[in-house]
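Here are a few exercises to work through with the model open beside you. Try each task before you read its solution.

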Amino acid sequence: MQVEIEHLQALLRAATQKANTNLSRAGMGILSEKINSQIRGIEITQRYLDETVRRGIVKALNANQKFLQLEAAYIHAITQYLGYIDLDDFLKKSSSQAPQQLVACIGSWYNYVRESSGRDVILRSPVKIYPKRNEIFMEMKGYHRTFEAKVTMRSGCISCLLEDQQKEKELHLVYRIGIALYPQVLQGVFSGISTNELPIAGREILIRQEGIPYQDLSPEKIVLSQKELDMTDLESSVINQLKDFNSNYLIVSSSMSFDLGDLE
């Protein structure tokens with residue numbers, strides 16, 4: 001049977017969520033075991049789920065194909081594992097306004113960005129991406145403010161206009177997701193207004209925190225000079241990307257007369 005790629009992404013994502021695993025080869029092995037233990041009369045192998053389904057989706061997206069040819073019995077088994085009669089029943093009852101790539105971003109993350117002061121400090125903020133009213137939202141927790149906004153996806157990027165609970169400060173974030181089915185790292189940019197009322201922009205790095213609840217994550221100021229000896233490989237990679245302030249930040253001059261002299 002021919003299955004639309006978007007529908008297949010939704011089906012595979014729902015199945016991995018029920019199996020409490022992820023969209024990796026190992027995750028396909030766990031999903032295979034869960035389906036085979038519950039659905040009798042057919043056996044779906046890890047190889048089939050990984051090579052034919054998961055990688056088939058990626059190849060189809062790269063080739064700009066909208067459909068993938070798969071065995072109807074296997075698709076039927078996956079939908080039955082999820083508790084639906086068939087694929088049509090699954091699509092009707094589980095439809096969401098959010099793209100499946102956006103749904104795949106649901107979970108806990110850490111966001112990294114340079115401090116706007118110019119000091120050798122990287123700010124690490126907990127982020128939660130979660131569903132609400134058939135849409136996807138992001139929450140970011142800082143030391144003094146918590147931000148929230150609806151997340152949208154367009155042209156291979158996800159974006160949101162975060163606003164704090166007091167409606168006093170906002171941040172516009174854009175991350176590149178491409179065709180990734182289950183991204184571990186998202187890189188992007190932000191723009192906003194600094195505490196001293198200057199337009200600022202810079203680079204952001206978002207890293208998934210697999211298996212760690214959002215409430216267990218905490219904001220931190222990473223002082224570069226204090227992290228060089230005890231940092232993990234992950235922190236080392238982040239710091240190497242963000243250590244140069246001038247290449248990661250853009251700040252408008254604070255000395256402005258608002259005439260052509262400002263451009264000289």
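This is a predicted model: local features need pLDDT of at least 70, side-chain atom pairs count only at pLDDT 80 or more; totals for chains, interfaces and linings use all residues.

**Exercise 1. How much space lies in the largest pocket, and which residues lie nearest its centre?**

Solution. Start with the volume: the largest pocket holds about 860 Å³ of space. A pocket here is an open set of points on a 1 Å grid over the protein atoms alone, where a 1.4 Å probe fits, with protein on both sides within 12 Å along at least five of seven lines. The volume is the space filled by probe spheres set on the points, which are joined across faces, edges and corners.

Next, the lining, meaning residues with an atom within 4 Å of a point. It has 28 residues, and Leu 123, Phe 147, Lys 169, Leu 171 and Thr 195 lie nearest the centre. By type, the lining divides into eleven nonpolar, seven polar and ten charged residues. Asp, Glu, Lys and Arg count as charged, Ala, Val, Leu, Ile, Met, Phe, Trp, Tyr, Cys and Pro as nonpolar, and the others, Gly among them, as polar.

Finally, the strands (DSSP runs E of at least two residues, numbered from the N terminus). Those that each supply at least two lining residues include E3 (107–114), E4, E9 (170–176) and E10 (185–193).

Residues are numbered from 1 along each chain as its sequence is written, and side-chain values use heavy atoms, with hydrogens and water left out.

**Exercise 2. Which strands pair with E5, and in what sense?**

Solution. Two strands pair if DSSP finds at least two bridges between them. On one side, E4 (residues 121–132) runs antiparallel to E5 with six bridges, and Lys 132 stands opposite Glu 135. On the other pairing, five bridges join E5 to E6 (residues 146–150), again antiparallel, with Met 140 opposite Phe 147. E5 and E6 make a hairpin with four residues between them.

**Exercise 3. Where is Pro 219 placed, and which residues is Pro 219 in contact with?**

Solution. Pro 219 belongs to the loop between E11 and E12. Leaving aside neighbours within four places in sequence, Pro 219 is in contact (heavy atoms within 4.5 Å) with Arg 124, Pro 126, Lys 141, Gly 142 and Tyr 143.
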